[in-house]
Amino acid sequence: MSTFSGVVLLRLTLQRAKRFILIAILVVTLIPVLMSVALRWVNPPTSAFMLRAQLMSVIQDTPYPLHRWQSLDHIPTRMQMAVIAAEDQKFAQHPGFDVQALKTALHQVIAGKKARGGSTISQQLAKNLFLWEERSYVRKALEIPLTLLLETTLSKSRILELYLNLAQFGPFHYGVAEGAKYQFNKPVTQLDTAQAAMLACMLPAPARYQALQPSRSLKRKQRLIIRAIDNLGGTRYLRQL
């Protein structure tokens with residue numbers, strides 16, 4: 001093969017590689033966009049977190065994740081408010097990010113401490129739907145455009161509905177319907193305010209916490225959530241969504 005032919009072949013290979021990379025980037029970008037638009041009307045049967053749990057059930061023979069959809073109008077307002085009070089009290093006002101909470105988390109990192117909080121319900125939904133559990137700066141960076149995408153394409157009430165149905169509330173239990181059944185052995189519609197608050201307490205560590213055997217710190221958090229529900233205005237808060 002002549003030198004000229006080799007150069008031509010190299011250029012063709014580079015052009016094809018560049019075209020392939022551009023197409024791959026376009027596809028990777030379009031998939032979340034199309035999914036977010038579809039989420040206006042379609043209830044997702046799974047999420048990135050659940051898919052991983054399903055895969056682990058095959059590879060490591062762990063229990064298969066349980067999930068049941070419950071429409072927002074069949075989730076009691078006390079349950080909706082308990083999760084908002086526990087996870088994101090500025091949910092109705094912010095554009096997807098709680099700037100003050102992010103500043104606090106950043107200061108904790110700079111001080112060499114473990115960052116706590118900072119993630120809104122919208123950010124957590126983006127993570128649950130599209131990303132992975134392990135903390136990393138890459139994941140945090142990807143959360144930003146995905147969160148903005150969800151906030152742009154979906155209403156606040158739809159974001160809340162998706163989060164309540166995809167968040168993990170037990171070791172292998174996803175969504176408030178399955179979480180209420182596992183933690184209290186009753187439908188979510190039958191939970192009282194105290195039980196709804198305790199179920200919301202499960203969110204930071206659903207694989208470890210037990211609602212019927214709460215620690216002293218969980219009981220304290222439960223009381224804070226109940227108090228926060230009243231301070232936020234109860235069901236009046238939900239009218240802002």
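# Questions on the model

Colleague: In which helix is Lys127 found?

Modeller: This is a predicted model, where local features need pLDDT of at least 70, side-chain atom pairs count only at pLDDT 80 or more, and totals for chains, interfaces and linings use all residues. Residues are numbered from 1 along each chain as its sequence is written, and side-chain values use heavy atoms, with hydrogens and water left out. Helices (H or I, at least four residues) and strands (E, at least two) are DSSP runs numbered from the N terminus. Lys127 belongs to the run of residues 121-130, helix H5.

Colleague: Is Lys127 buried or exposed?

Modeller: Buried means under 20% relative accessible area, exposed over 50%, and partly exposed in between, with a 1.4 Å probe and protein chains only. Lys127 has a relative accessibility of 17%. Lys127 is therefore classed as buried.

Colleague: How far apart in space are Lys127 and Glu143, C-alpha to C-alpha?

Modeller: Not counting residues up to four places away in sequence, Lys127 touches Phe49, Trp132, Arg139 and Glu143, where contact means heavy atoms within 4.5 Å. In sequence, Lys127 and Glu143 are 16 residues apart. In space, their C-alpha atoms are separated by 6.4 Å.

Colleague: Which residues outside its sequence neighbourhood is Arg158 in contact with?

Modeller: Arg158 sits in helix H7, residues 156-166. Its relative accessible area is 8%, so Arg158 is buried. With neighbours within four places in sequence left aside, the contacts of Arg158 are Leu39, Arg40, Trp41, Val42, Asn43 and Trp69.

Colleague: How are H3 and H7 oriented to each other?

Modeller: Two packed helices are described by the angle between their axes and the distance between the axes. Axes are lines fitted to C-alpha atoms, for helices over the stretch in contact, and angles run from 0 to 180 degrees between N-to-C directions. The axes of H3 and H7 are 11 Å apart, at an angle of about 90°. Angles under 35 degrees count as roughly parallel, over 145 as roughly antiparallel, 65 to 115 as roughly perpendicular and the rest as oblique, which makes H3 and H7 roughly perpendicular.

Colleague: How do the residues in the contact of H3 with H7 divide by class?

Modeller: H3 brings Gln80, Val83, Ile84 and Glu87, and H7 brings Leu160, Tyr163 and Leu164. Ala, Val, Leu, Ile, Met, Phe, Trp, Tyr, Cys and Pro count as nonpolar, Asp, Glu, Lys and Arg as charged, and the others, Gly among them, as polar. The contact of H3 with H7 divides into 5 nonpolar, 1 polar and 1 charged.

Colleague: At roughly what angle do the axes of H3 and H10 cross?

Modeller: H3 covers residues 77-87 and H10 covers residues 216-232. Arg78, Met81, Ala82, Ile84, Ala85 and Ala86 in H3 meet Ile225, Ala228, Ile229 and Leu232 in H10. The axes come within 9 Å of each other. Their crossing angle is roughly 100°.

Colleague: Which strands stand at the edges of the sheet?

Modeller: The sheet is open, with 3 strands in the order S1-S3-S2 and mixed pairing; strands pair if DSSP finds at least two bridges between them. S1 and S3 (residues 173-174) pair in the parallel sense over 2 bridges, and Leu66 has His173 as its bridge partner in S3. Each edge strand has a single partner, so one side of each lacks a neighbour in the sheet. The edge strands are S1 (66-67) and S2 (168-170).

Colleague: How many of the residues of H8 are buried?

Modeller: The buried residues of H8 (residues 176-184) are Val176, Ala177, Glu178, Gly179, Ala180, Gln183 and Phe184. They pack against S1, H3, H7, S2, S3 and helix H9 (193-201). H8 is mostly covered, the buried count being 7 of its 9 residues.

Colleague: What is the phi of Asp61?

Modeller: Asp61 lies in the loop between helix H2 (48-59) and S1. At 69% relative accessibility, Asp61 is exposed. Although Asp61 is not a glycine, its phi is positive, about 60°.

Colleague: What percentage of the residues in the chain is buried?

Modeller: The chain holds 11 helices and 3 strands. Its number of residues is 241. The buried share of these residues is 42%.
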